[in-house]
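Subject: Model for you, with notes on pockets and cavities

Hello,

Please find the structure below. My notes come after it.

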Amino acid sequence: MNLKTTLKKYLRRVLFRLLPELRSLDTGQKELRFDMNHLTDHYDTHSPEFLKKRDAELIKRRFRKILSYEPDLENPKTFNEKTQWLKIHYRKKGIHKLADKYAVRNYLSGLGYEKYLNTLFGVYTSSEELLEDWKNLPSSFVVKANHWSGGNFIIRDKETFNKNKLKKLDEWMRKNYYHFRRWGEWVYKDIEPCIIAEKYLTTGSSGDVKDFRLLCFNGKVKYITVDVDTLGNTKRAFYDLNWQKQDFTIKRPIYPGEITRPAALDEMIRFAETVSKDHPFLRVDLYIPDSGQIVFGELTFFHQSGFGEFIPQRWDRKLGDLIDLPLA
């Protein structure tokens, strides 16, 4: 290998490590994103182990900061450790389409599950495009960035909504979630960003709609977590398949009351197990609004990104035992 080739490889590695630190710069953001994507694609193809090593370093650093202990990524045992292992090693072709909040619609339609999809009002590439279509949208709706975690706006009344807030969408559109967050969530790397507008789901007089999250381990639902008061101080309850409330939670406080077993629970489980059957872990998010019809939310490969605080902590290991990791 000649000096020129060696130098190019060295500079590429240095740039690859430095670019994330420049992610907050306004000048040249588009060019930085392009360079970062180009470099990541290069390592995906020619040196995937280097990319995995880099992700592992970033993950360990954040894991120690959030959960205050050293993760064992070589021989993972807890749920959080196994989630981090999957972020590094589970890079199955095409899984980014399931993490993509827009592309997943086509995937589910192909399985015959179109009836579960939320009403789609429009797809846009910028806040400007969205505002041009503003008059055609209903009085209330939800706006989401398809490639982002938590990237959404609930618009309850478009006449009073502060449209300046939508500029945040353009900021998200310029960024790659995998590169920007540096949490090792490779599934977001190849998602083509867009903005989607969907129906705003409500239930009851409070307007709060319960978020049912089915935790699927190797294609089998083991637990259902329900988020309550998602418009304010969210609380969380875990149930098993017999709808017995569990004595643990992750991150959020335990909801003190009881939640009525959904009439459509068996149907929800069948749907979740079909969608998750090819994956070691998948979280399937569903809603049941006023209509009573199951409405699909999203698919998540990494619950709480593998940084969720279990209360009590022993449940981290108990849920970890349910994940059978594939060969790396």
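The model is predicted, so local features need pLDDT of at least 70 and side-chain atom pairs count only at pLDDT 80 or more, while totals for chains, interfaces and linings use all residues. Residues are numbered from 1 along each chain as its sequence is written, and side-chain values use heavy atoms, without hydrogens and water.

The largest pocket has a volume of about 1300 Å³. A pocket here is an open set of points on a 1 Å grid over the protein atoms alone, with protein on both sides within 12 Å along at least five of seven lines; a cavity is a set where a 1.4 Å probe fits but cannot get out, and lining residues have an atom within 4 Å of a point. Points are joined across faces, edges and corners, and a volume is the space filled by probe spheres set on them.

Of the 45 residues lining this pocket, G150, N152, D211, R213 and E298 are the closest to its centre. β10 gives the most to the lining, with 4 residues. Strands are DSSP runs of E (at least two residues) and helices of H or I (at least four), numbered from the N terminus.

The whole structure holds 2 cavities of 30 Å³ or more. α6 (103-110), β4 (195-198) and β10 (295-300) each give two or more residues to its lining. Among the lining residues are K101, R105, K144 and E198.

Regards
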